[in-house]
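Please open the structure in a viewer and keep the sequence at hand.

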Amino acid sequence: MAKPKSIYICSQCGFETTKWNGRCPDCGEWNTLEEGVAPSVSPSSGKARQRSTRDLSSAIVGIGSVDARHDEVRYSTGLSELDRVLGGGAVKGSLVLLGGEPGIGKSTMLLQICQFLGEDHTILYVSGEESARQIKLRASRLGVDSENLYLLAENDCEAICDVVVKEKPEIVIIDSIQTMSIQGLSSATGSVTQVRECTNLFMCTAKSEEIPFFIVGHVNKDGAIAGPKVMEHIVDAVLYFEGQRNLSYRILRAVKNRFGSTNEIGVFEMQDKGLAQVENPSQLLLAGRPTDVSGCCVACVMEGSRPILAEVQALVSKSVFASPRRTADGFDYNRLYLIIAVLEKRLGFFFGGLDVYLNVVGGMKLDEPAADLSIALALYSSVRDKVVDEKTIAFGEIGLGGELRAISFAEQRIREAERMGFEKCILPAQSLSSVDRSRFGIKLIGVKNLRQAFDALEKK
Ligand code: TYD
Ligand code: MG
């Protein structure tokens, strides 16, 4: 028998090559090629492929004759924020990957949902990281004591799949994929080959037994799930749990979902008794903001179908450097430059000798053009040292001519601003024309360009 051929796989991008290199030829990362074994290839594959003798004509079906009378079964997790991101709960037989940096709260979240899921379903929680005792200690802190929750501290992937087939739990949780391994493979636990093969095996079990699997995947410092893209295309849904270590709230996003939209986000707060849902993120983000300081303005961005308000702070001060400093936290750096250029060219403000520091409070990222206007107003407020009224909110996209362009979801944004107690809303005139004014009690000011927006700040 021919000796299995070695191949080298990049742990960053999944690139495969037969020759070892110090640097991956595909993604350019250094020292990421790991040895793996190439799948055995049949001797005939090098020559002309032989025709298959199987006749598949009878397997072809018309879409109308496929039996789909049973609706897809979804398990609600008890956390409505998580259900929303999943598209209404976990689908039977699906494989959900929950990615995030170590310590962000993945294990905590999955253990927490066991309490609700355990009321009606049996759950097998497999951990390759913690012992059953450690999980029990954490569970009691989180108030999880469901009788239907079974623990297994194991990292042999094949043995786990066998026990799942035998015991037939209704839901399986694997924590984490990087600790799972298949004994027959020569590569080390956590390597690309192991991660990929283990995911494949779990996928087969999930589909054949119709059991939903939740799999934890750690994200390395570069933001890729270790054993990276190789996993994402196999699983049904990829959720990322994001947040900053020094801030208590976390955002859950779907980057892929075969059973729902990828626009939705879920917001959680890490407390001493586990994760709590944040149903009103705007309130959390605006809490304790200063009301009599120049350079602050509130923005409204859409996260999926939800409008979220966040505070923008700008500080413009005299520079002591030859080339002034510009920093942007939570906002695109290049877009800040663009807005500064528009302010200089179209409105005659001069930022030449001034440092500009921009910060979006609470670690939110404003990556929607609708945030432009509030950034410009915050800069204006800081340069002129004029306080923007605390009950004023603004949104709109800025064009290179200094004009304000229409934005989508104007009504939803206005409603959220009104709900949060704002009294004045500055928005592009074009967006205002499509809004039914009579439905809102908040004062709406439509503006065509930045000059009008600055004037609108003074209006009572
Ligand atoms: P964990 O779920 O273990 O992270 P992951 O599985 O993503 O690596 O979360 C650990 C962090 O969460 C840890 O820094 C402590 C914090 N934490 C709390 O603040 N409160 C709690 O009730 C729990 C269980 C954890
Ligand atoms: Mg963990």
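A disulfide is a pair of cysteine sulfur atoms within 2.5 Å. By that criterion, this predicted model contains zero disulfides. Select Cys114: the nearest cysteine sulfur belongs to Cys161, 18 Å away, and Cys114 is in no disulfide.

Next, select Cys296 and Cys297. The sulfur of Cys297 has its closest cysteine sulfur in Cys296, at 8.8 Å, which is too far for a bond. Cys297 is buried, at 2% relative accessibility.

Remain at Cys296, which is one of the residues nearest the centre of the largest cavity, together with Arg289, Pro290, Val388 and Glu390. A cavity is a set of points on a 1 Å grid over the protein atoms alone where a 1.4 Å probe fits but cannot get out, and lining residues have an atom within 4 Å of a point. The volume of the largest cavity is about 80 Å³, and 14 residues line it. Strand 15 (residues 296-303) supplies the largest share, three residues. The lining comprises seven nonpolar, two polar and five charged residues.

Finally, select the lining of the second largest cavity, including Arg74, Leu86, Ala237, Asn257 and Phe259. This cavity holds about 50 Å³ of space.

Residues are numbered from 1 along each chain as its sequence is written, and chains are lettered from A and ligands numbered from 1 in the order in which they are written. Local features need pLDDT of at least 70, side-chain atom pairs count only at pLDDT 80 or more, and totals for chains, interfaces and linings use all residues, while side-chain values use heavy atoms, leaving out hydrogens and water.

Notes
1 Å grid on protein atoms, 1.4 Å probe; cavity = no way out; pocket = protein on both sides within 12 Å on 5 of 7 lines; lining within 4 Å. Points joined across faces, edges and corners; volume = space filled by probe spheres on them. Helix = DSSP H or I, 4+ residues; strand = E, 2+ residues; numbered from the N terminus. Nonpolar A, V, L, I, M, F, W, Y, C, P; charged D, E, K, R; others polar. Buried < 20%, exposed > 50% of the residue type's maximum accessible area, 1.4 Å probe, protein only.
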